[in-house]
Structure formats: structure tokens, C-alpha cells
Amino acid sequence: EGTLGAAAAQSGRYFGAAIASGRLGDPAYTTIAGREFNSVTPENEMKTDATEPQQGRFDFSAGDRVHDWAVRNGKRVRGHTLAWHSQQPAWMQNLGGGALRQAVTNHINGVMAHYKGRIAQWDVVNEAFADGTSGARRDSNLQRSGNDWIEVAFRTARAADPGAKLCYNDYNIENWTWAKTQAVYSMVRDFKQRGVPIDCVGFQSHFNDDSPYDSNFRTTLRSFAALGVDVAVTELDVQGAPAAVYADVTNDCLAVPRCLGITVWGVRDTDSWRAEQSPLLFDGNGNKKPAHTSVLGAL
Ligand code: XIL
């Protein structure tokens, strides 16, 4: 009995899901999503290719469909995402240097103005660091536009909507021993020291055989929180959805006072971007899986 959202709310947290606008016409989907979750992240609808398909011509139709559904159903919204190397519209992929810097600033201003006061957390920058042992920034048109592109994005975002929590979001930063984790940690420490406005770090938490969950995730969450930022589990899915891993992740968040909440990256296994891994809390028929029971028990 009980729902994930209500159980998370008992400790002042939320339990959310990525929601796809194209599925909002499926009553089996909306019944589960409406019942279980109290936070929504648009899975694709607020990405740059969706919101600014032509330069300077914004399109909020799909983003608004998800946002409206969330508000009608009493859920908060995590905005995802303003500056990312992937899912850029063609015009942005073809930009670089000063033209790209100005375009990203304009993009952040345009999208954040539309949703001003209506987004709890924004993933301002997504996936800016490289995988592997280098600890370097990821190569991209954004990175090539100047190493300070991330702080420019955060300063722009703060001015555009001072009421939103501003997050840096990435994957493979859950394991405290990984170079990528340490690189992001150093950036956040530097931003806090220099007064660059950052409020939160999102840990995507796409766990699979290549990037498995490790119990040092709790150390990671604690260490970032100690820098003076909130933390959140933003895109959780786990290959095979082992109940124990889902419980561990839940307990890790609950152990850290600055962990705001958990978002799973989809509703049913058949809705997942990694459907073949059956990584979510509901099966394709909408039945609760053992991991659902274990999360609910941990919350
Ligand atoms: C994924 C979506 O789930 C897919 O539908 C889409 O085709 C590709 O993007 N990290 C992120 C998310 O920040 O935006 C990605 O979402 C998954 C990885």
C-alpha cells in the first residue's frame, strides 16, 4: 500500500519519473504515473532540439504538454536540460565560438523566461565531462567555445529565473573512486569558492553491467553535499532492476539530508530508453516489480 511519492514526502523528499509527452494519451501509463510520482522530468521535451528547433523560434508545445499534465496532477517539474552536447537542433550543431556562446545564452534566457517560477530545478548543464580516467571536459562544440561556458550558463540561468534551483547533471559520477566524479567535484568546489551560482548536482544513476552501482555512492552524495549544494538522483534505472540495488540507492539518498529526491527514468519497462534491460519499477503490463516493493519499504 502507499505510493512512492507519498512515502518520499514523509521525509520532505519527492519521488519522480521521466514522462514522455507521446505517452500521455495512454491511460494505463497516466494512471500509474499520476498515482505513484510527485515529480516529473520531461524525458525529451525541454531539450534544445525540442524548444528551439529554428534559431530564435521557440517551440514550447511538447514541453508545455508535459508541464501542464504535471501541474494538473499536482506534481513539481525538473527542467531538463538547457545546455548539452546531444540532442541539439541542426543549426546549433553547426555553430561554434562566439556565435554559439551567444546562442546558448539566448536559449537559456528564452526557455527559462517561458517557464519562470514554474520549475523546481533546472539541469542547466548536462554531461560536460569525459568518461574514463582523464578527468577532462568532454569535447564538444560547447567546450570548444571556451572553458568558461559552464559558468556562463549558470550565471545566465540565475538571472533568468532566480527561483529555480540550478543543477549540474551527469552520469558515471556516482562512484566516488572514478576520475569523472572527482573532476565534477573539483568544478563544484571551485564554483562555490568563486561564487558561481550552482545549487545542486544531479546524479543520473544509469546503472548497468559496465557502470554498476557501488555502495560508495553514499560517500559521493555526502561529499558533494558538504560543498554546500543539494544532490538528487535524477535518471535512475538499473539493468535487471534488482530490488537490493533500488533499496540501496533509496537508502543512500535518505542518509543524506541534502538529497532532495529520486527520479526514475521512465514508468514501465516498455517506456524505458533501455527497455531491453527491464530497468524500471513497473513491468510492461503496469505491474509493480520487486524493486517497487523494496523502494517503498526503504522510503
Ligand atoms: C534519453 C531519452 O530517454 C531518450 O528517449 C532519447 O532518445 C535520448 O535521451 N542522459 C540524459 C537523458 O540526460 O536526457 C537521456 O535521455 C539519457 C541519458
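**Before you start**

Residues are numbered from 1 along each chain as its sequence is written, and side-chain values use heavy atoms, with hydrogens and water left out. Because the model is predicted, local features need pLDDT of at least 70 and side-chain atom pairs count only at pLDDT 80 or more, while totals for chains, interfaces and linings use all residues.

Helices (H or I, at least four residues) and strands (E, at least two) are DSSP runs, numbered from the N terminus.

**Stop 1: Glu-235**

Select Glu-235, which is found in strand β8. An unreviewed UniProt entry carries the annotation "active site" at Glu-235. UniProt positions are given in the numbering used here, feature names are shortened, and annotations may be inferred rather than shown by experiment.

Is Glu-235 buried or exposed? Its relative accessibility is 5%, so Glu-235 counts as buried. Buried means under 20% relative accessible area, exposed means over 50%, and partly exposed lies in between (1.4 Å probe, protein chains only).

Now show the contacts of Glu-235, where contact means heavy atoms within 4.5 Å. Leaving aside neighbours within four places in sequence, Glu-235 is in contact with His-80, Asn-169, Phe-203, Gln-204, Ser-205, His-206, Thr-263 and Trp-265.

**Stop 2: His-80 and Thr-81**

From that list, go to His-80, one of the contacts of Glu-235. A cis peptide bond, with omega about 0°, joins His-80 to Thr-81. Thr-81 has its place in strand β3 (residues 76–84). Most residues other than glycine have a negative phi, and most peptide bonds are trans.

**Stop 3: Helix α10 beside helix α11**

Select residues 217–225 for helix α10 and 243–254 for helix α11. The two axes come within 9 Å and cross at roughly 25°. Axes are lines fitted to C-alpha atoms, for helices over the stretch in contact, and angles run from 0 to 180 degrees between N-to-C directions.

α10 and α11 are therefore roughly parallel to each other. Angles under 35 degrees count as roughly parallel, over 145 as roughly antiparallel, 65 to 115 as roughly perpendicular and the rest as oblique. The crossing of α10 past α11 is right-handed. A crossing is right-handed if the near helix is turned clockwise from the far one by less than a right angle, and left-handed if anticlockwise.

Which residues make the contact? On the α10 side they are Phe-217, Arg-218 and Leu-221, and on the α11 side Val-249, Asn-251, Asp-252 and Cys-253. By type, the residues of this contact are four nonpolar, one polar and two charged. Ala, Val, Leu, Ile, Met, Phe, Trp, Tyr, Cys and Pro count as nonpolar, Asp, Glu, Lys and Arg as charged, and the others, Gly among them, as polar.

Stay on α10 and colour its buried residues: Phe-217, Thr-220, Leu-221, Ser-223, Phe-224 and Ala-225. These buried residues pack against α9 (179–194), β6 (200–203), β7 (206–207), β8 (230–238) and α11.

**Stop 4: The other partner of α11**

The axes of α11 and α12 come within 8 Å and cross at roughly 25°. That makes α11 roughly parallel to α12, and their crossing is right-handed. Ala-243, Tyr-246, Ala-247, Thr-250, Asn-251 and Leu-254 of α11 meet Pro-290, Ala-291, Ser-294, Val-295 and Ala-298 of α12. The contact of α11 with α12 divides into eight nonpolar, three polar and no charged residues.

**Stop 5**

At 18% relative accessibility, Gln-277 counts as buried. Not counting residues up to four places away in sequence, Gln-277 touches Asn-208, Val-238, Gln-239 and Gly-240.

Next select Ser-278, which lies in the loop between β9 and α12. Ser-278 counts as partly exposed, at 31% relative accessibility. Its phi is near 40°, a positive value in a residue other than glycine.

**Stop 6: The loop between β4 and α7**

Move to Glu-127, in the loop between β4 and α7. Glu-127 is not a glycine, yet has a positive phi of about 60°. Its relative accessibility is 10%, so Glu-127 counts as buried.

Finish at Ala-130, found in the loop between β4 (121–126) and α7 (141–144). Ala-130 is buried, with a relative accessible area of 18%. Leaving aside neighbours within four places in sequence, Ala-130 is in contact with Ala-136, Arg-137, Arg-138 and Lys-180. Draw a C-alpha to C-alpha distance from Ala-130 to Phe-207: they are 77 residues apart in sequence and 17 Å apart in space.
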